[in-house]
Amino acid sequence: MDSETIPGPPGFPILGNIADIDPENPLQSMYNLAGVYGDIWKFQIAGSPRVVIGSQALMNEISDETRFTKKIAAALKEVRNGTHDGLFTSFGPEEENWGIAHRILMPVFGPLSIRSMFDEMHDIASQLVMKWARHGSDHVIQVTDDFTRLTLDTLALCAMDYRFNSYYSEEMHPFIQAMADFLKVSGDRARRTAIGQMFYREESRKYWADVELLRKTSQDVINTRKAEPSDKKDLLNAMLTGVDPKTGRKMTEASVIDNMITFLIAGHETTSGLLSFVFFYLLKNPEAYHKAQQEVDDVIGKGAINVEHLSKLPYINAVLREVLRLSPTAPVISLHAKEDTTLGGKYPVTKDTPIVALFSKIHRDPTVWGEDAEDFKPERMLDAEFDRVNKEFPNCWKPFGNGMRGCIGRPFAWQEALLVTAMLLQNFNFEMDDPSYQLQIKQTLTIKPKGFYMRAHLRNHMTPTTLERALSSTSIGESAAANTGKPKPQTANNSVTQGQPIRIYYGSNTGTCEALAQRLASDASAHGFTADLVDTLDSAKESLPTDKPVIIVTASYEGQPTDNAAHYVNWLGGLKGSELEKVPFAVFGCGHRDWAKTFLKIPKFVDEIMEQRGGTRLVPMGSADAAGGDIFTEFETWEDQVLWPALREKYSSADTSGGSSYDTSLQVEISTPRSSMLRQDVKEARVEEVEILSKPGVPEKRHIEISLPSDMTYSAGDYLAILPINPKNNVTRAMRHFGLAWDSVLTISSVGPTTLPTNAPISAADVFGAYVELGQPASKRNLQALIEATEDEGAKKDLTELSDISFATEITGKRVSVLDLLERFPSVELPLGHFLKMLPPMRVRQYSISSSPLWNPNHVTLTYAVVDQPALSGQGRFVGVASSYLSSLAAGDKLHVSVRTSHQAFHLPKDTKNVPVIMIAAGTGLAPFRGFIQERAAQIAAGRSLAPALLFYGCRSPDSDALYSSLLQRWETLSAVSVRYSYSRAADQSEGCKYVQDRLYHDRKEVVELFEKGAKIFICGGREVGEGVQNICMKIMREETESMGKDVSEQRAKEWFEGLRNERFATDVFA
């Protein structure tokens, strides 16, 4: 076979590819470059070449220790400044100290030795359990910090009989900080030229001071052991007294120090990262979480855990393997050929060239793991399947390194990780502090989740006191005491009206159900009740009360639970008996009827299963249909006519509202100093470029480029959530109506839960602009309040009619807001506090990202339509909140965003070489496909061969709104895509096809050919596009089947389509 040049990004003279590697997250940079250049590529730093591999086949080849061996280069070479020829950083057998240490220490990590360390591991793990128990469920756990303390303390105690006592101090031990800084700077130094390093004098001074601190701490431990000898058979005694069976020599004291630092670095960093990733993946995958916790309950129960239990936890064992597949905490290893050689039969590599094995690609090789390689599936790591895969695809899973230079401490880390995971699942239910958190990486030599926080709820009605007693005894029994871990309720001030307690839980992704839950809590006092807790549905897992009504407000998300309800729903589905006996409950569900197959699926499931498991349904399930545009009115109707009357009757509470819709529970003080407050659920980003894409005379389409915060990443097909600001005209209208000066400041206090900023001055313009939905259509309750706030009989009559027979057509249908009504009926004297109380909180809006990280990993683009049209009410114009906000931004402006992952099916196939792609869009539905094609173009430009791709795109005409036409033409020339247009106003220029479904049918022969080759079909657009494409696909299927002499009913064709949804068909259809 002829040799081929290894592809790679072009670089600068001398500096090489230093600009292509992000110093804060080089792993992500390498992952993105591998996405462009494929399974093997090269780059240079300061004249030093490196080859990167990302496939199982190449990993298997370089695992041959007769041809390849570990390479100490780059960051590891710098780490030698602190660890010299320790086991991790030694050049290998050619250094004598490595062989002596390796032979002496191997027995210390044998199975019997590791088993003997169980009690000490349990000691430190119990300290962590008690810390989280005592802090309670409102405590936000700093996950990686606490696991770092755990693993360092465990290693020091088990290996050296030394206690860092990290849980008894707020500050990390100086050794930990010095070690973290040492590793970080070692990586930074490896990416610099010798000349460049001269400009980091202060960093270098601290670097060498950190090295000195590490060595001094290790020397102190040695001195303590020498002063107080022990016969304990631990790592330290083995290093101090062990004799090499081959040479008869002992380790030198310098080698002992080198290896102490090595074990403390390698042993605690990787395991703390593993445990952090374990809980991230479990919390993101409720079914796996439930299986893991159920295994603990079945095997260990409420008894104390012992070492024998650990071999009886196959599912948790599989979880650890799968976590290390997706997020190996040692993300790369470097090897080099012993002689000049050829990789893959065609790529020449010299013996001095480092070969970097990029595990984030190798462990996701679709040849081994399939198209779902990105998914977290522990089942593929159960023993039988794990053994089969490793036999068929050798060296496909390498998180512990390779051969004789592999991790010597693997058995220690594995026992510790199994023990800690089991103990935590046995004693706590966990939830993410931010359920929408997307994985971000913090990288030194190892990787850990960045910004990952969670909360812990004690299980089995335990209190910290009874748990502490149980951990030191033989059984964790039931306690009569209630769980005293404090919940995270929404609290009000001390003047809250006391009443019968109720508990409110919500499942919400976009904030609507959370807003309804807050409204319910706010209304409770008027009906003789008090919401003692308003929290996520996940927090209710295993902790539903029986002595007070439980109200659940939840939605479905593509037929699945919302992020903060998934663990509760999974737990609920696993109940078998009457576990919810005596739990009084009511459910309200939100959905959208256009998604008929999954409409209200989760609310109905919760309502039905809670009753089946013994719960007492207080009222029939209420529901609201977002398609009708009037969720709040439907919710308020259920509240007022169904829920509260039933609760008052059952619990004999008094209605203190007097039948009034005129809410007086929010007071506002007005002053004039300026102030501003920022929302915390999103992060600040910057606008880089804006462009109008469409021509005059058609609805305006725009393009915007945004630079993301440094720790935010995305994939092609993901969403960008935008926290908008209300249109300036609407804010001005509200200020004018309430007679507020431009610099007015509000100080808000509330006697009930509210999402408004309270007890601190804030600009009135900020409140109107950023905190409430000024354009929200008025509800019937809002209209009733306006009736009560006017003395004008004519206004009362008109408002009464609007709240009754004309409500659907004149208010909901025309999207008439409370502000519109206040301007229409000037006799209504509604106080500012009552107005704000009526409005739901501002929510984020999601837009499909229209770029690929292979174009720029730090920037995203959005493609959107500006909504600005005459208001149906006849009062001015209807302006889209988010689109008008985006269109008002210019380069340099700041905005608040977060990346939201799209459905796993709505991403390009992993096997890009063999799986064709068919994309179908209309209008700005093109957005995600621009990102897809941009990604394919980058890969083809790098020399990769890809399967064909078709884009069916519909717009009005080629001259008015054919978005990105010149760019798509360039990509067509590159063979990244073949574009098939359909013009609704110029069908004669698109093969007579007016809509995308028409063009799909026109080109059905090619579509069928690609589909038979395994093509994935993606659809993005409005409801009409989704329905039209589905009908045409079923029509083509029926015609193809009938051409073979077989009849297919319409129902059978529909079942065929639904069966392929999210496997071969992926849709992103918006209302």
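1. A crossing is left-handed if the near helix is turned anticlockwise from the far one by less than a right angle, and right-handed if clockwise. By this convention, helix α13 passes helix α21 in a right-handed crossing.

2. The model under review is predicted: local features need pLDDT of at least 70, side-chain atom pairs count only at pLDDT 80 or more, and totals for chains, interfaces and linings use all residues. Residues are numbered from 1 along each chain as its sequence is written, and side-chain values use heavy atoms, with hydrogens and water left out.

3. Helices (H or I, at least four residues) and strands (E, at least two) are DSSP runs, numbered from the N terminus. Axes are lines fitted to C-alpha atoms, for helices over the stretch in contact, and angles run from 0 to 180 degrees between N-to-C directions. Angles under 35 degrees count as roughly parallel, over 145 as roughly antiparallel, 65 to 115 as roughly perpendicular and the rest as oblique.

4. For α13 (residues 286-299) and α21 (residues 566-573), the axes come within 9 Å and cross at roughly 50°. That angle makes α13 oblique to α21. Contact (heavy atoms within 4.5 Å) joins Pro-286, Glu-287, Tyr-289 and His-290 of α13 to Ala-566, His-567, Asn-570 and Trp-571 of α21. By class, four nonpolar, three polar and one charged residues form this contact of α13 with α21. Here Ala, Val, Leu, Ile, Met, Phe, Trp, Tyr, Cys and Pro count as nonpolar, Asp, Glu, Lys and Arg as charged, and the others, Gly among them, as polar.

5. Helix α13 also meets α12: their axes come within 5 Å and cross at roughly 115°. The two helices are therefore roughly perpendicular to each other. On the α12 side the residues are Leu-282, Leu-283 and Lys-284, and on the α13 side Pro-286, Ala-288, Tyr-289 and Ala-292. The contact of α12 with α13 has six nonpolar residues, no polar residues and one charged residue.

6. The axes of helix α26 (residues 780-788) and helix α27 (residues 793-803) come within 9 Å, with a crossing angle of roughly 170°. α26 and α27 are therefore roughly antiparallel to each other. Lys-780, Leu-783, Leu-786 and Ile-787 of α26 make the contact with Lys-796, Leu-799, Thr-800, Leu-802 and Ser-803 of α27. Its classes are five nonpolar, two polar and two charged residues.

7. How many cavities of 30 Å³ or more does the structure hold? There are six. On a 1 Å grid over the protein atoms alone, a cavity is a set of points where a 1.4 Å probe fits but cannot get out, and lining residues have an atom within 4 Å of a point. Grid points are joined across faces, edges and corners, and a volume is the space filled by probe spheres set on the points.

8. The largest cavity holds about 50 Å³ of space. Its lining includes Ala-156, Met-160, Phe-164, Thr-217, Ser-218 and Met-260. Helices α7 (143-160), α10 (201-227) and α12 (253-284) each supply at least two lining residues, and α10 gives the largest share, three residues. The lining divides into eight nonpolar, two polar and no charged residues.

9. The second largest cavity has a volume of about 40 Å³. Among the residues lining this cavity are Glu-558, Tyr-719, His-903, Asn-1062 and Asp-1068. Strand β35 (residues 1065-1070) contributes the largest share of the lining, three residues. By class, the lining of the second largest cavity has four nonpolar, four polar and two charged residues.

10. Tyr-1001 lies in helix α34 (residues 996-1002). Leaving aside its neighbours within four places in sequence, Tyr-1001 is in contact with Ile-1032, Lys-1035, Ile-1036 and Glu-1039.

Methods
1 Å grid on protein atoms, 1.4 Å probe; cavity = no way out; pocket = protein on both sides within 12 Å on 5 of 7 lines; lining within 4 Å.
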